[in-house]
Amino acid sequence: MELSKVTLEIFSKLEQKWLSHCESTKKMRVLSIDGGGTTAIVSGAALIHLEDQIRLKIGDPHARIADFFDIVAGTGIGAFLAAMLVADDGSGRPLFTAREAVAFVEEKNSELFKVKLAGFLRRRRRFSGKSMNKVLKEAFKREDGNSLTLRDTCKPLLVPCFDLKSSAPFVFSHADASEDNNFNFELWKVCRATSATPSLFKPFNLTSVDGKTSCTAIDGGLVMNNPTAAAVTHVLHNKRDFPSVNGVEDLLVLSLGNGPSSGSSRVRKLRRNGKCSTSWVVDIAVDGVSETVDQMLGNAFCWNRTDYIRIQANGLGSHGVVDQVLHERGVESLPFGGKRLLTETNGQRIEGFVQLLVASGKSSLPPSPCKDSTANGR
């Protein structure tokens, strides 16, 4: 028997509603990269493996990490990498591949963190701000000579620092920059601000592109060395850019560490003499922030463990090799405290996460809506 016109219309509307629901429940993908250290050996190895696996899985040698993530966050050296992965080359594509970004950090490392001696007897070790400024300006400049800003990213970017003027954390956000020019900053300044470690750099003063918002920044790692929680919170509460997200069940999160700051030798020495230097206290605080965030996220995702992956090389020294990072067994935070050593390696965990990324398809978020001349009012 032939269906009536009314019946067909009803089924059509139900089908459209169902398809709309399926589309709206698509998981949003979050990539977070820790600060800490100057080499980024852990996150660098993870990012290269991540992009290689994405390309292998979909059979596209030109695929980028930004194609499969909806927001990227980074602190300190993690912010350098995050910004390079999403900086727009002017055509809506990232300026750097993961391998190119990591290679740039490795090649320019001695300039990014150029040592200079300070103090009356020139015994105090500091890094040169001028040298870092030069490298960052080079990284975030297009061929036409224009300096890239927060608006000039092909995917949303989130970078924290601590503002001495307001005595509060300050988070640089692509979303804020797109909405209000008062919060649009040059990318090189954003990366410089989040890396201004008090004992190694002077506080960094920066203003927005229009000169109306200023900040006296120090290292974001002191308050958000692991920016994963900030990124997740941003997505959960930013209904304009992420309208379909209602809870963590709508998210896929990959959090990349950079190894612990305080090595086991320091801990042994501390236990022996009972004293702790200022630098050790800072290391402990930074590591503590990262571990606390991991514990919080572990609790939040305890019912869907595969949707939150933390890659961290616990105990890996600063001179470790890339293979060590990927072949080391993964560690997972347990709900309400403690950790467990997994049977999977870090490399295998990334490969499993790539399967979820590819299954979700390419990111559906459009490129920055501010690619017109008004966005470039520098």
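A polar contact is a pair of N or O atoms within 3.5 Å; within protein, one atom must be able to donate a hydrogen and the other to accept it, and residues adjacent in sequence count only if both atoms are side-chain atoms. The model shown in these views is predicted, so local features need pLDDT of at least 70 and side-chain atom pairs count only at pLDDT 80 or more, while totals for chains, interfaces and linings use all residues. Residues are numbered from 1 along each chain as its sequence is written, and side-chain values use heavy atoms, with hydrogens and water left out.

**View 1. The whole chain.** The secondary structure comes to 14 helices and 12 strands. Helices (H or I, at least four residues) and strands (E, at least two) are DSSP runs, numbered from the N terminus. Of the 378 residues, 51% count as buried. Buried means under 20% relative accessible area, exposed means over 50%, and partly exposed lies in between (1.4 Å probe, protein chains only). Contact means heavy atoms within 4.5 Å. Among contacts between residues at least 6 apart in sequence, 70% join residues at least 24 apart.

View 2. Ser32 lies in strand β1, which covers residues 28-33. Is Ser32 buried or exposed? Ser32 counts as buried because its relative accessibility is 0%. The side chains of Ser32 and Thr228 make a polar contact at 3.0 Å. Leaving aside neighbours within four places in sequence, Ser32 is in contact with Ala73, Asn226, Pro227, Thr228, Leu254, Ser255 and Leu256.

**View 3. The largest nonpolar core.** A nonpolar core is a set of buried Ala, Val, Leu, Ile, Met, Phe, Trp, Tyr and Cys residues joined through side-chain atoms within 4.5 Å. The largest one has 69 residues, and Leu31, Phe140 and Phe172 touch the most other members. Helix α3 (residues 77-86) gives the largest share of this core, nine residues. Another core, of 18 residues, lies apart from it and includes Met28, Ile71, Val235 and Val293.

View 4. How many of the eight residues of helix α8 (residues 187-194) are buried? Eight of its eight residues are buried, and the helix is mostly covered. The buried residues of α8 are Leu187, Trp188, Lys189, Val190, Cys191, Arg192, Ala193 and Thr194.

**View 5. Ser167 in a loop.** Ser167 sits in the loop between β5 (157-163) and β6 (168-173). Ser167 counts as exposed because its relative accessibility is 55%. Its phi is positive, about 55°, although Ser167 is not a glycine. Most residues other than glycine have a negative phi.

**View 6. Val289 in helix α12.** Val289 is found in helix α12, residues 278-300. Which residues does Val289 contact, leaving aside its neighbours within four places in sequence? They are Leu222, Val223, Met224, Asn225 and Asn226. Val289 and Asn225 are 64 residues apart in sequence, and their C-alpha atoms are 6.5 Å apart in space.

View 7. On a 1 Å grid over the protein atoms alone, a cavity is a set of points where a 1.4 Å probe fits but cannot get out, and lining residues have an atom within 4 Å of a point. Grid points are joined across faces, edges and corners, and a volume is the space filled by probe spheres set on the points. By this rule there are two cavities of 30 Å³ or more, and about 80 Å³ of space lies in the largest cavity. Its lining consists of Asp294, Phe301, Arg305, Tyr308, Arg310, Val331, Glu332, Ser333 and Arg349. Strand β11 gives the largest share of this lining, three residues. By class, the lining has three nonpolar, one polar and five charged residues. Here Ala, Val, Leu, Ile, Met, Phe, Trp, Tyr, Cys and Pro count as nonpolar, Asp, Glu, Lys and Arg as charged, and the others, Gly among them, as polar. Phe301 is found in the loop between α12 and β10, and is buried, with a relative accessible area of 0%.

**View 8. Ile350 in helix α14.** Ile350 lies in helix α14, residues 346-360. Ile350 counts as buried, at 1% relative accessibility. Not counting residues up to four places away in sequence, Ile350 touches Ala46, His49, Leu50, Ile311 and Leu326.

Terms used
1 Å grid on protein atoms, 1.4 Å probe; cavity = no way out; pocket = protein on both sides within 12 Å on 5 of 7 lines; lining within 4 Å.
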